[in-house]
Amino acid sequence: MLRTWLLVAPFTVSAALVALLVMIPVTWVLRDIRPIYQVARWLVRAVLWVAGIRVETHGPDPWQAPQPALYLANHVSNVDPPIVFLHVPRVAIMGKKVVFRTPLFGYALKMAEFIAVDRKTPDSRRKALEAGGDRLKRGLSLLIYPEGTRSADGHLLPFRPGPFTMAIEAQAPVVPITILGTREVMPKGASWLRAGPVTLLFHEPIPTRGLTQKNREELMRMTRTAIASGLRWSRP
């Protein structure tokens with residue numbers, strides 16, 4: 001906890017503020033999100049290094065997956081999104097609406113076509129899924145957590161059907177990801193980071209070409225089975 005308050009938090013706030021103040025105008029002038037996206041990758045990598053979080057990846061190279069793709073992962077920590085973001089091609093991420101209200105940072109998320117979701121409003125979920133489907137059809141990949149919220153004990157929660165409906169409608173492949181170790185470095189409800197190892201297990205992409213909504217439950221089962229298999233993984 002002391003490391004977070006003395007090193008990680010000051011570095012994150014100051015670096016993010018400088019990056020946003022510089023890169024938002026640059027992105028706005030160029031009409032190209034790639035510069036701020038690359039700076040965001042650098043910032044995430046730097047914050048993880050300062051925090052002492054070491055990330056390993058195993059399995060098929062996610063950069064070689066057919067694009068656009070729907071990356072679906074288990075969810076146990078607030079640090080999950082930035083870690084996965086760092087290790088996959090450009091994606092839009094669905095996140096809490098409150099995050100989008102953060103000055104500068106929220107504006108940058110909108111520029112990157114991230115999608116705000118208000119969990120308390122069913123209509124917001126529907127609109128978010130529609131927005132996600134639109135991005136997939138335009139060629140932009142998505143990162144979604146099909147459980148819909150973080151698991152407090154690390155066990156998989158029931159999957160929501162929305163992401164699978166979206167994948168089938170867009171005929172976009174699903175790339176299952178198992179995240180290990182983030183619950184230890186930042187448990188649910190914590191506001192601090194601990195140093196430690198994190199592992200991302202990428203599974204084989206699941207094609208959706210030719211599938212219809214009649215196949216949705218099977219697609220959900222296959223994805224859940226892949227992610228769950230990774231929870232039993234142990235470091236070689």
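This is a predicted model: local features need pLDDT of at least 70, side-chain atom pairs count only at pLDDT 80 or more; totals for chains, interfaces and linings use all residues.
Visitor: How many bridges join β1 to β7, and do they run parallel or antiparallel?
Guide: Six bridges join the two, and β1 and β7 (residues 196-202) run parallel.

Visitor: OK, and what is the strand order in the open sheet?
Guide: The order is β1-β7-β6-β2-β5-β3-β4, seven strands with mixed pairing.

Visitor: Why is one side of β1 and of β4 left without a neighbour?
Guide: β1 (53-58) and β4 (115-117) stand at the edges and each has a single partner strand, so one side of each has no neighbour in the sheet.

Visitor: How much are neighbouring strands turned against each other?
Guide: On average 25°, direction ignored.

Visitor: Which strands does α5 touch?
Guide: α5 packs on the sheet against β2 (70-73), β3 (91-96), β4 and β5 (141-144). The direction of α5 makes about 165° with that of β4.

Visitor: And α6, what does that one touch?
Guide: α6 also packs on the sheet, touching β2, β3, β5 and β6 (174-180). Its direction makes about 160° with that of β2.

Visitor: How do the axes of α5 and α6 sit relative to each other?
Guide: The axes of α5 (residues 122-137) and α6 (residues 162-170) come within 9 Å and cross at roughly 30°. The crossing is right-handed.

Visitor: Which residues make that contact?
Guide: From α5 you have Leu129, Gly132, Gly133, Leu136 and Lys137. From α6 come Gly162, Pro163, Met166, Glu169 and Ala170. By class, the contact of α5 with α6 has five nonpolar, three polar and two charged residues.

Visitor: Switching topic: how far does α2 reach?
Guide: α2 (residues 34-51) has 18 residues and reaches 26 Å from first C-alpha to last, close to the 26 Å expected at 1.5 Å a residue.

Visitor: Which of its residues are buried in α2?
Guide: Ile36, Tyr37, Arg41, Leu43, Val44, Ala46, Val47, Leu48, Val50 and Ala51. Note the Arg41 in that list.

Visitor: What happens just after α2?
Guide: Gly52 takes a positive phi of about 80° there.

Notes. Residues are numbered from 1 along each chain as its sequence is written. Side-chain values use heavy atoms; hydrogens and water are left out. Helices (H or I, at least four residues) and strands (E, at least two) are DSSP runs, numbered from the N terminus. The expected span of a helix is 1.5 Å times one less than its number of residues. Buried means under 20% relative accessible area, exposed over 50%, partly exposed in between (1.4 Å probe, protein chains only). Axes are lines fitted to C-alpha atoms, for helices over the stretch in contact, and angles run from 0 to 180 degrees between N-to-C directions. A crossing is left-handed if the near helix is turned anticlockwise from the far one by less than a right angle, and right-handed if clockwise. Contact means heavy atoms within 4.5 Å. Ala, Val, Leu, Ile, Met, Phe, Trp, Tyr, Cys and Pro count as nonpolar, Asp, Glu, Lys and Arg as charged, and the others, Gly among them, as polar. Two strands pair if DSSP finds at least two bridges between them.
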